[in-house]
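Open the model in your viewer and keep the sequence beside it. The stops below tell you what to select and what is there.

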Amino acid sequence: MKVLANDGVSQSGIDALKKAGYEVITTTVAQEQLINYINEKDITVLLVRSATTVRKDLIDACPGLKIIGRGGVGMDNIDVEYAREKGLSVINTPAASSHSVAELVFGHFYGLARFLHNSNRDMPLEGDTNFGKLKKAYAKGTELKGKTLGVLGFGRIGQATAKVALGAGMKVVAFDPFLEKANLELEFFDGQKVNFDIKTISKEDVLKQSDFISLHVPAQKDYVIDEAEFKIMKDGVIIANAARGGVLNEVALVKAIESGKVARAALDVFENEPKPEMPLLMNSALSLTPHTGAATNEAQDRIGTELASQIISILG
């Protein structure tokens, strides 16, 4: 049987599938040519990430497909329910990249807390001529230890982010409409383990209490953070969105930065992706990455092997 990994897959995943007798094709086929390619090559499994979409037309036109796999968490680029109604298996890897996203969020948080995103821009330009000025400009950083992190969405990635926060000495408060509490186990290098029981609270209370806020919610119709939510927050809050573009109102965010309500913010995802709005790209209070939350070598290895394991389990 043939597997088309249209957006790529790790070598570990390829090796596991080949060992089980599958042919793995890593050619990137253009979206408009995908239906013909799948049918001509007799593809049984289609693996995608965020670049390729799998809609009803493709599902209907490719009767030989048995599995659609998404390397990652969100499956908004796949018509999941329709595919399942048609008898296809739809799989993803929700746990594989959780820690990678959590570390990216904290990379942003540490950078924002100490103005690294600005300093790294300015030092190459002015470090030899305005060293003292830059030192003064970026000398009012803040520590994360002892601060409160608010997590909106307390699924796997939200919990992974909370674990990093706990390890950094932060207090964690969380909101999730579908979860009352979670037990978080922190495992250390020498085998020691510490458990924390986190009970979720209201969204309003999270917003009121938090010094830092991280979003980990799925794509949805309405903004999770809009003008009303910004008004509830502490003055000088730092926010990160590494979830989905469109869950945070970017226009309202810029206004909140201008008013001083939000001190600084991090965006890994954007409403208008892959062409973020210029006012965001040029805003010195923003730390920006191009949707790389899950993009670590370790996560890609876990994604590949996890997809391979699920495919082998389903098809034998």
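The structure holds 10 salt bridges, each a side-chain nitrogen of Lys or Arg within 4 Å of a carboxyl oxygen of Asp or Glu. This is a predicted model, in which local features need pLDDT of at least 70 and side-chain atom pairs count only at pLDDT 80 or more, while totals for chains, interfaces and linings use all residues. Residues are numbered from 1 along each chain as its sequence is written, and side-chain values use heavy atoms, with hydrogens and water left out.

Select Asp79 and Arg55: their side chains form a salt bridge at 3.1 Å, N to O. Asp79 sits in the loop between strand 4 and helix 4 and Arg55 in the loop between strand 3 and helix 3, so the pair ties together parts 24 residues apart in sequence. Helices (H or I, at least four residues) and strands (E, at least two) are DSSP runs, numbered from the N terminus.

Next, select Lys208 and Glu204, a salt bridge at 3.2 Å, N to O. Both lie in helix 9, four residues apart, about one turn of the helix.

Now show strand 8 (residues 181-187) and strand 9 (residues 193-199). They pair in the antiparallel sense over seven bridges; pairing requires that DSSP finds at least two bridges between two strands. Pick Glu185: its bridge partner in strand 9 is Asn195. Five residues lie between the strands of this hairpin, where Gly191 takes a positive phi near 95°.
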